[in-house]
Amino acid sequence: MAASHDLNTVPAQAATRETVRVARHGAVWVVTIERPAVRNAIDRATSEALAAAMDQLDADPTLSVGILTGAGGNFCTGMDLKAFLRGERVELPGRGLAGIVQTPPVKPLIAAVEGYALAGGCEIALACDLIVASEAAQFGIPEVKRGLIAGSGGLLRLPRRIPPQIAMELALTGDLLPATEARQWGLVNRLVPAGQALEAALALAERIAANSPMAVRVAKQVVSESPSWPAQETWARQNALLETVINSEDAKEGARAFAEKRAPVWSGR
């Protein structure tokens, strides 16, 4: 990561067994899975620590955007099978694997992917809103090779992010998807040289964080939820959310800043 990005490390409330590290860069919350010896596979403690880190992101009004990444050159290889064999329930009730696949944070979350994002690791990346990946990264849902299926959102989200027939092929073969090809299908927002995924994710996050936190949050909500809204309710639901934005202090501040030719100072209200 470039030295220009100075991350201030702070403790996560539930970072048990030191499985997760959190740091902040201005309004950006960086969450790192710290289990490089097992390619950042997820056990119960890591799921709990990640859930706590995402709760901190949503609860802190001074944070606008989150980044999720992995230590040691890999993003995540999914569920820790040794933990599973020990009888651990890695998924959290109502939240799923890593505490986010069923209930992602309300605020935008960017996956910064180096190396492998496989099985549950790929599903965690798919639960993020944006993906920045190194050219050496590889994605995949190879569960069928072990007699399983990608039940943590891979089969649900992947066909919405890339052409359904390509998602079907990946689901049935279990083959890996190189980041270069994932970029061609639109799965990856930014493709960067190896070792630069976090730096590029920070640059993207800072562009988002420069905008109104309320507007960003509601924009994510509409983009994420509107595909499941009944057609006859689409405009009414969007307009109800739009009213909260139009009547916000941030909307007034944005107009004032434009008229006064200065940078806005957002309150998030």
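**Salt bridges**

Guide: The structure holds 12 salt bridges. A salt bridge is a side-chain nitrogen of Lys or Arg within 4 Å of a carboxyl oxygen of Asp or Glu. The model is predicted, so local features need pLDDT of at least 70 and side-chain atom pairs count only at pLDDT 80 or more, while totals for chains, interfaces and linings use all residues. Residues are numbered from 1 along each chain as its sequence is written, and side-chain values use heavy atoms, with hydrogens and water left out.

Visitor: Which parts of the chain does the pair D80 and R35 link?

Guide: The side chains of D80 and R35 form a salt bridge, with N to O at 3.0 Å. D80 lies in the loop between strand 4 (65-70) and helix 2 (81-85), and R35 in the loop between strand 3 (28-33) and helix 1 (44-59), so that distant parts of the chain, 45 residues apart, are linked. Helices (H or I, at least four residues) and strands (E, at least two) are DSSP runs, numbered from the N terminus.

Visitor: Is D80 buried or exposed?

Guide: Buried means under 20% relative accessible area, exposed over 50%, and partly exposed in between (1.4 Å probe, protein chains only). D80 is buried at 8%, and R35 is buried at 17%.

Visitor: How many residues apart are E253 and R256 in helix 10?

Guide: They are three residues apart in helix 10 (residues 249-259), and therefore separated by about one helical turn. E253 is buried at 8%, whereas R256 is partly exposed at 38%. A network of salt bridges links E253, R256, E260 and R262.
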